[in-house]
Amino acid sequence: MTRSGSTKAVDASHGLNRLTIARAFLESAQNQVAIAQSGTLGNPIAATIVNAAIAYTDALTATFGNKINQQDHSAMVKTLRQVMGNRLPKAQETKLGRILGNKDLAQYGGRFMLLSDAQSLLIQLEEYAAWAESEMARA
């Protein structure tokens, strides 16, 4: 498989693997929220949510475009739009952008995220995941 810019060519089977991984990240984030107690930091949960969104997006771009983003996660939304075209609703594009916009803060930042921040991101992820699952079902 070749690499062009921030994307890397992959075969469609990569999409199914990434979908399985995305589901596992989603389940992990849901479990983390379910067992969280008052005062729990949101950063680790948000990091898992970001990873789930990346994996769902990889599943879509691999399945429908035979490519994934590598390292440049800020370009993921653009790649998804290129691959999905009008099948990507603006609302889902916005949700993905919001989730990915928290990557640096959740994983590398020095500011604490609240549990409520992670819970809000989880709701957005669940909506994005439902859309991604419906798209993957038509593959």
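**Exercise 1. Is Asn66 buried, partly exposed or exposed, and what is its relative accessible area?**

Solution. The model is predicted: local features need pLDDT of at least 70, side-chain atom pairs count only at pLDDT 80 or more, and totals for chains, interfaces and linings use all residues. Residues are numbered from 1 along each chain as its sequence is written, and side-chain values use heavy atoms, with hydrogens and water left out.

Step 1. Take the cut-offs: buried means under 20% relative accessible area, exposed over 50%, and partly exposed in between (1.4 Å probe, protein chains only).

Step 2. Asn66 has a relative accessible area of 37%, so Asn66 is partly exposed.

Step 3. Helices (H or I, at least four residues) and strands (E, at least two) are DSSP runs, numbered from the N terminus.

Step 4. Look at the backbone: phi of Asn66 is near 55 degrees, which is positive although the residue is not a glycine.

**Exercise 2. Describe which residues of helix α6 are buried and what they pack against.**

Solution. Step 1. Among the buried residues of α6 are Leu121, Leu122, Gln124, Leu125, Tyr128, Ala129 and Ala132.

Step 1. An α-helix has 3.6 residues a turn, so residues three or four places apart point the same way.

Step 2. The buried residues of α6 pack against α1 (12-35), α2, α3 (76-84) and α4 (90-100). Contact means heavy atoms within 4.5 Å.

Step 3. Take Gln124, which lies in helix α6 (residues 115-137). Gln124 is buried because its relative accessible area is 13%. Apart from neighbours within four places in sequence, Gln124 is in contact with Lys95, Arg98 and Ile99.

Step 4. Take Ala132, also a residue of α6. With a relative accessible area of 0%, Ala132 is buried. Not counting residues up to four places away in sequence, Ala132 touches Tyr56 and Leu60. Ala132 and Leu88 are 44 residues apart in sequence, while their C-alpha atoms are 9.4 Å apart in space.

**Exercise 3. Summarise the chain as a whole, and test its radius of gyration against the globule rule.**

Solution. Step 1. The chain has six helices and three strands, in the order β-β-α-α-β-α-α-α-α.

Step 1. The radius of gyration is taken over C-alpha atoms, and the globule rule is 2.2 Å times the number of residues to the power 0.38.

Step 2. For 139 residues, a compact globule would have a radius of gyration near 14 Å; the chain has 15 Å, so the two agree. Along the principal axes, the C-alpha atoms fill a box of roughly 45 × 30 × 25 Å.

Step 3. Of the 139 residues, 45% count as buried. Among contacts between residues at least 6 apart in sequence, 72% join residues at least 24 apart.
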